[in-house]
Number of protein chains: 2
Amino acid sequence: MATTDAPSGETLIMHDRGAADRLPLQSQSAAMALRDQIVGGAFAPGERLTEVRLAARLGISRTPLRSALAELEREGLIERLSTTGFVVARFTAADVADAIELRGVLEGTAARLAAERGIDADGARRLDEVLDRLDAAFGPGPGDLDMDAYAAGNALFHDLVLDLSASPMVRRQVEHARRLPFASPSAFLEGQRDVAAFRRSLVAAQAQHRAIAEAILGREGARAEAVMREHARVARTNLQHVLTRDPSLRRRVPGLALVVA
Amino acid sequence: MATTDAPSGETLIMHDRGAADRLPLQSQSAAMALRDQIVGGAFAPGERLTEVRLAARLGISRTPLRSALAELEREGLIERLSTTGFVVARFTAADVADAIELRGVLEGTAARLAAERGIDADGARRLDEVLDRLDAAFGPGPGDLDMDAYAAGNALFHDLVLDLSASPMVRRQVEHARRLPFASPSAFLEGQRDVAAFRRSLVAAQAQHRAIAEAILGREGARAEAVMREHARVARTNLQHVLTRDPSLRRRVPGLALVVA
DNA sequence: GCCCCTGCCTATGTATACATTTCCTGCGGT
DNA sequence: ACCGCAGGAAATGTATACATAGGCAGGGGC
């Protein structure tokens, strides 16, 4: 049964904020502000970032700014040159595709380990809950979908699989893969909001969710891994569509502003 | 044909120094010193690290020390508590096994992509060179092995596969996975130096190297991935041996000092 | 006797002054 | 006209002083 307190649209789709939550206050807000500006395309890919300029722009001193820059470097949004500061990262379409592929590979490993090692009764219950919650996001009609509810449920599902793998190392690695904004499981949901074909494709995505859960419960490791990998290909398909057919969507998908050529 | 300038034992097995090469001077040496001390077991797992104490210990000010701490956090050797500094990371045997498994999964993905996408003539030549160089590390007798030459060739091989995947994203993920000292492809080589059975097991490992290369050249993606994963299991087997049968080796494998319980 | 509150102490967070390196520019020579 | 060297401006690297918050201990009250 689905949780009855299922919120509908209480939050917009949020991309992973990384581990910045634990940073000091000024550093944290600086990292958030800078991240939003970079992901939003406020800087050109490859543009040099100088500390003094950024510090002035953000109204803080260089010390917390450097923490923020280090965090953003961890996330892959900026790159440090040998000794001369940072530049905004540049990605190709192939990079984005590979990042999604890697997220699929790693989440596939999480699903496989959960299946191979087995999950307890509580884990099975939580899995059912999330799946029901996702089902509840679909309305009676073919195009009926509460996008916010789906996005929330989708994030929960992908995080739950990580939990079920019961491996801090897997979590660490997957979270690193997801840190690139366009590699997040919900990266393309916001851009798809108004595209009917995409909304319908989420019916198939939900079927994959159920197949993954079934495989985990049945301890079918290979199946769990394979379906989870295929599940990530949905994002690659969407990427292809955004880049080749509907470039106007580019600025609605987080991080695509950094894609060049 | 192997390169004739093959060095024999010019360097000890070095674990990946991460991306710290590009850090500022004091920060870099501080990171290196601290890393060596942590990996070497100078601190107890879970021990709190205070900035002033470490700064005094290393003879630098807190500013570059904080850069070093951030780097070590990236590498997973220390963890930051919500607002109160850092503690030395604690790992379980399962964590180490999972880290090796993940390295195998990701290197397997690199091998698969190299196979699927194909490599050029130069890539094939470099592959042959490295394999011949590895062969040359073995002497005529069953136990004959130039361990330093093997370690160097092994590192080259694993790095070459990354190159052949031709994917910066794959490289990024694999390097992150290898950053944990015990997850490096050569982590257990040093500890095995004097164990005859281990030295012989490297004959099988070299056969796997050849199989992986063959699969990449033949564009057999599934085979390349599967063999590379299995290849990583060698390290897991060695881990098992070190932890259960020959604990005296623990302190010779980098990072194992941080394993508790 | 136990719990809570308060105050101090020590830790990290921040700002800024200073050192050092690097890159760019301009001038001179070839 | 082009190459090279030198000088200066501006960047990052470092140290330190100060701000602030959090934790621990001690004392007082219930």
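**Ground rules.** I number residues from 1 along each chain as its sequence is written, and I letter chains from A and number ligands from 1 in the order in which they are written. Because the model is predicted, local features need pLDDT of at least 70 and side-chain atom pairs count only at pLDDT 80 or more, while totals for chains, interfaces and linings use all residues, and side-chain values use heavy atoms, with hydrogens and water left out.

**Entry 1: DNA strand D.** I looked up which residues are near this strand, meaning that one of their heavy atoms lies within 4 Å of it, and of the 19 residues around it, A:Arg62, A:Arg66, B:Gln26, B:Ser61 and B:Thr63 come nearest. By class, this surface has five nonpolar, eight polar and six charged residues, where Asp, Glu, Lys and Arg count as charged, Ala, Val, Leu, Ile, Met, Phe, Trp, Tyr, Cys and Pro as nonpolar, and the others, Gly among them, as polar.

I then checked polar contacts (N or O atoms paired within 3.5 Å; within protein, one must be able to donate a hydrogen and the other to accept it, and residues adjacent in sequence count only if both atoms are side-chain atoms). A polar side-chain atom of A:Arg62 lies 3.0 Å from a base nitrogen of DNA strand D, whereas one of A:Arg66 lies 2.9 Å from a phosphate oxygen and one of B:Ser27 lies 3.1 Å from a phosphate oxygen.

**Entry 2: the sheet in chain A.** I found an open sheet of three strands in the order E1-E3-E2, with antiparallel pairing; strands are DSSP runs of E, at least two residues, helices are runs of H or I, at least four, and both are numbered from the N terminus. Two strands pair if DSSP finds at least two bridges between them, and three bridges join E2(A) to E3(A). A:Arg80 stands opposite A:Phe86 in E3(A).

**Entry 3: chain B against chain A.** The contact (heavy atoms within 4.5 Å) takes 32 residues from chain B and 32 residues from chain A. Together they bury about 3100 Å², 51% of it on carbon and sulfur atoms, buried area being the accessible area (1.4 Å probe) that two parts lose on being put together, summed over both.

I noted eight salt bridges across this interface, each a side-chain nitrogen of Lys or Arg within 4 Å of a carboxyl oxygen of Asp or Glu. In one of them, B:Glu101 meets A:Arg112 at 2.7 Å, N to O. On the side of chain B that touches chain A, H4(B) gives the most, with 10 residues.
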